[in-house]
Amino acid sequence: MHKINIDGDIEFEYGMEFSLLDSIEAQQLDIDYNCRAGFCGSCKCELVNGEVESIQTPNPVCPLGENEILTCCSRPKGDLELRFKNKLQQMTW
Ligand code: FES
């Protein structure tokens, strides 16, 4: 199992989810997303450590900075450390 660390203070194991976005949602974290298909860029984060594999090709118009990935288009190849611009919070119901 691959460990996912977010912002240095949230850690969980990647399960059988299709994408990092799905895995983060399964932890009930309030990640931003919209298209789930590599178009809008709202699910992006910085890949601080580790490697991901691409499961969908991001649309070329979606702006990605250096070391940025789209969580809807990626899944881990090993342990990952991710950083989000807006700190993820646990959703409360
Ligand atoms: S949700 Fe739109 S690019 Fe990931």
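Figure 1. Isoleucine 10 is the bridge partner of isoleucine 6 in E2. In this predicted model, E1 and strand E2 (residues 10-13) run antiparallel and are joined by 4 bridges. The bridge partner of isoleucine 6 in E7 is leucine 82. E1 and strand E7 (residues 80-83) run parallel, and 3 bridges join them. The hairpin of E1 and E2 has 3 residues between the strands, and aspartate 7 in this hairpin takes a positive phi near 55 degrees.

**Figure 2. The two faces of strand E1.** Side chains alternate along strand E1 (residues 3-6). Asparagine 5 has glutamate 81 as its bridge partner in E7.

**Figure 3. Strand E7 and its pairing with E3.** The covered face of E7 carries Leu80 and Leu82, and the uncovered face carries Glu81 and Arg83. E7 pairs with E3 in the antiparallel sense over 3 bridges, while the pairing of E7 with E1 is parallel. Glutamate 81 is the bridge partner in E7 of asparagine 49, and glutamate 81 is likewise the bridge partner in E7 of asparagine 5.

Figure 4. Strands of a sheet pair through backbone hydrogen bonds, in either a parallel or an antiparallel manner. Within E5, glutamate 68 is the bridge partner of glutamate 46.

Figure 5. Isoleucine 24 lies in helix H1. This residue counts as buried because 25 C-beta neighbours lie inside 10 Å, and the threshold for a buried residue is 20 or more. Leaving aside residues up to four places away in sequence, isoleucine 24 touches Leu29, Ile31 and Thr71. Isoleucine 24 and leucine 88 are 64 residues apart in sequence, with a C-alpha to C-alpha separation of 9.6 Å in space.

**Figure 6. Glutamine 89 in the segment after E7.** Glutamine 89 lies in the segment that follows E7. The residue is exposed, with 11 other C-beta atoms within 10 Å; the limit for an exposed residue is 12 or fewer. In sequence, glutamine 89 and isoleucine 31 are 58 residues apart; in space, their C-alpha atoms are 8.1 Å apart.

**Figure 7. Two loop residues with positive phi.** Glutamine 28 is located in the loop between helix H1 (20-26) and E3. Although glutamine 28 is not a glycine, its phi is positive, at about 60 degrees. Glutamine 28 is exposed, with 11 other C-beta atoms within 10 Å. Asparagine 67 lies in the loop between strand E4 (52-54) and E5. Asparagine 67 is a residue other than glycine, and its phi has a positive value near 65 degrees. Asparagine 67 counts as exposed, with 11 C-beta neighbours inside 10 Å.

**Figure 8. Overall context of the close-up views.** The protein has 1 helix and 7 strands, which follow the pattern β-β-α-β-β-β-β-β along the sequence. The C-alpha atoms fill a box of roughly 30 × 30 × 25 Å, taken along the principal axes. A compact globule of 93 residues would have a radius of gyration near 12 Å, and the value of 12 Å for the protein agrees. Of the 93 residues, 25% are buried. Among contacts between residues at least 6 apart in sequence, 57% join residues at least 24 apart.

Notes
Residues are numbered from 1 along each chain as its sequence is written. This is a predicted model: local features need pLDDT of at least 70, side-chain atom pairs count only at pLDDT 80 or more; totals for chains, interfaces and linings use all residues. Two strands pair if DSSP finds at least two bridges between them. The radius of gyration is taken over C-alpha atoms; the globule rule is 2.2 Å times the number of residues to the power 0.38. Two residues are in contact if their C-beta atoms, placed from the backbone, lie within 7 Å.
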